[in-house]
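This report is meant for someone meeting the structure for the first time. Please look over the sequence and the model, and then read on.

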Amino acid sequence: MPRVGISAIAGWEGILSQIETFYDVMRRQGITRRSFMKYCTLTASALGLGPAFVPKIAHAMETKPRTPVIWVNGLECTCCSESFIRGAHPLAKDVVLSMISLDYQHVLMAAAGHAAEAALEESIEKYKGNYILAVEGNPPLNEDGMFCISAGKPFVEKLRHVAKDAKAVISWGACASYGCVQAAAPNPTQATPVHKVITDKPIIKVPGCPPIAEVMTSVITYMLTFDRLPELDRQGRPAMFYGQRIHDKCYRRAHFDAGQFVESWDDDNARKGYCLYKMGCKGPTTYNACSTIGFNEGVSFPIQSGHGCIGCSEDGFWDQGSFYNRVTDLTQFGVEANADKVGVAAAGVVGGGIALHTAVTALKAAQDKAQKSTATSTEEA
Amino acid sequence: MKVEAQDTPEELQKSKVDFYSASVLTGDATREDLETIKRHTSVYVYETPVRLWHWVNALAIVVLCVTGWFIGNPPPTMQIGEAVDQYVFGYIRFAHFAAAMVMTIGFFGRLFWSFVGNHHSKQMFRLPVHKADWWKEVFFELRWYLFLEKEPKKYVGHNPLAQIAMFLFMTVGMTFMIVTGFALYAEGLGADHWLWALTSPVMNLVGNSQIMHSVHHLGMWAIVIFMMIHIYAAIREDIMSRQSMVSTMISGHRTFKDDRPE
């Protein structure tokens, strides 16, 4: 077992020398070295790295202590956890559960009640300043946070407490990143994304409802391999997965450019697999890797199963009108109005005004003419 | 303000009048213009680059509106051939982007011309809002459109109301469309492109791409409404006012129907 190198990592000696490396854990769980190398290769390609990085990933996993991850759940639906445990490369059972802290994760941990909370405190104490905090869901701030109680206290208090000693924060899913459905207008509980509550830590957003399993595992793997956050896009999402729109890599893109669209559900064009743009597909405005990686081991993703993208990895996606309209509804102007309908109506009103103005102008001109001719005839007489 | 008839042309050339406080020929008349009217019946207002810009811009806007409408609301599916042989929507988008480039370059050219061109070429970009007299003229013009004034005034350049419309819908409106449009265009170019970096603050300010699309649509409708009013007002004033309107944007010369100076 390669144990060398651990002490070389500054600041990690002492407490962390007792922690197993990833490789140790994997071998202990019966994973062969061959499978381990396969995993490293797949991770390298998922991250868009060249073959030269495969040994680097392998080396990091063999020598570096496991990154302690504390996973807390706020106001959420657990779809992130559900997605995460379906990670295929590697299989969550074998690797991922050993990789993140087994000390604290509501859904997966064996402990419950006071024992669980004690484990959380112990982890914070043990890995102070070195653990990654993964947040699933978000804290509601209204009524002093009473809308989400965890271990008898408002979740927001727990979040602040755990975040205080974290090295970095991962916001899992649309909830933690942007607020998702619980933050949709009018947001009665004042559900607030993590980055608006925790402002003094590096935060990486991994949005989606849920995010893709491989994206989740790869983000953690990247942070372990390179000891830093991956490159982020302008909204704080890892650029390697959120750098392009679903539309940019969509396999139906040729039908979009050709102008061949599904016109209604279950029409002939739908059977032919034409572009879902007219059915309100949000692929052109959504940054995610669905059209490249897919869900459930690449089996499918929404567009592939014949439904447009709903834009779940974008900020405020519940408030962008119907999932089935390409042009967003504007609720300010009535129940069912979008920018174009508002525009047509406004243009109609202005057109009517112009017609009326023309009529008045013509009438007035005729009137003036009549008056003038009367005046002239009176003078002549 | 009175104009001295005995001024030599050289002096006139040099002299600047505070044209907004002038009671004669309110709205953008220079001393030189006033003198010209006495000698000729027309004033050269719109120089060639301005006229060229006007018509190129008009054409570009029409193309942009039509293709923009189709991008948001695509035409019915066409079956010309295999998807690889057919590029209907691609061409619509191409026309939109090409017209946008023409409009943008034209807009910057027009902005440049407002610095080197004649006095009237600056009107569209600068509103003299600090001048009380100018506001008086705005209200006079409003009353004229509300049928409350019997006779319109003579204007060499834009009347103050038209100037406000030009400024709000063209200068501000087109800037808005260029900024939001290029923010959307940069999404297609990708995160490595300099335009992406340049437009990122705008995208972050607006929130997301979908909202950006919505505001870009609303901007188009503002310009469509301006277009309707602009064409109506130009034709109406050609008939009702005391000077030429439509032909001025073709020849550049403003002609007057009577010789009263006010």
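A residue is called buried here if 20 or more other C-beta atoms lie within 10 Å of its own, exposed if 12 or fewer do, and partly exposed in between. The model is a predicted one, and this way of counting neighbours is used at several places below.

**The annotated binding site**

For chain A, an unreviewed UniProt entry lists A:H247, A:C250, A:C275 and A:C281 under "binding site". These residues span 35 residues in sequence, yet no two of their C-alpha atoms are more than 11.3 Å apart, so they gather at one spot.

Among them, A:C275 is found in the loop between α12 (268-272) and α13 (290-293) of chain A, and because 28 other C-beta atoms lie within 10 Å, A:C275 is buried. Once its neighbours within four places in sequence are left aside, A:C275 is in contact with A:R252, A:H255, A:F256, A:Q260, A:F261 and A:V262.

A:C281 also has its place in the loop between α12 and α13 of chain A, and with 28 other C-beta atoms within 10 Å it is therefore buried. Its contacts, again leaving aside neighbours within four places in sequence, are A:L276, A:I303, A:G308 and A:C309.

**Backbone features in the loops of chain A**

Most residues other than glycine have a negative phi, and most peptide bonds are trans.

| Feature | Residues | Angle |
|---|---|---|
| Cis peptide bond | A:A185 to A:P186 | omega about 5° |
| Cis peptide bond | A:C209 to A:P210 | omega near 0° |
| Positive phi, not glycine | A:T78 | phi near 70° |
| Positive phi, not glycine | A:C180 | phi about 55° |

**A helix with a buried face**

In helix α7 of chain A, which runs over residues 155-164, the residues A:F155, A:V156, A:K158, A:L159, A:V162 and A:A163 are buried. Seen down the axis of α7(A), its buried residues fall within an arc of 160°, so they line one face of the helix. What the buried residues of α7(A) pack against is a set of elements of chain A, namely β1, α6 (113-126), β2 (131-136), β3 (149-150), β4 (153-154) and β5 (166-172).

**Where the chains meet**

The contact between the chains takes 41 residues from chain A and 37 residues from chain B. On the side of chain B that touches chain A, α4 (88-116), α7 (194-206) and α8 (209-240) of chain B each supply at least two residues, and the largest share, 15 residues, comes from α8(B). By type, the residues on this side of chain B divide into 20 nonpolar, 15 polar and two charged.

Definitions and conventions. Residues numbered from 1 in each chain as written. Chains lettered and ligands numbered in written order. Predicted model: local features only at pLDDT ≥ 70, side-chain atom pairs only at ≥ 80, totals over all residues. Contact = placed C-beta atoms within 7 Å. Helix = DSSP H or I, 4+ residues; strand = E, 2+ residues; numbered from the N terminus. Nonpolar A, V, L, I, M, F, W, Y, C, P; charged D, E, K, R; others polar. UniProt positions renumbered as here; feature names shortened; annotations may be inferred. Arc of directions from axis to C-beta.
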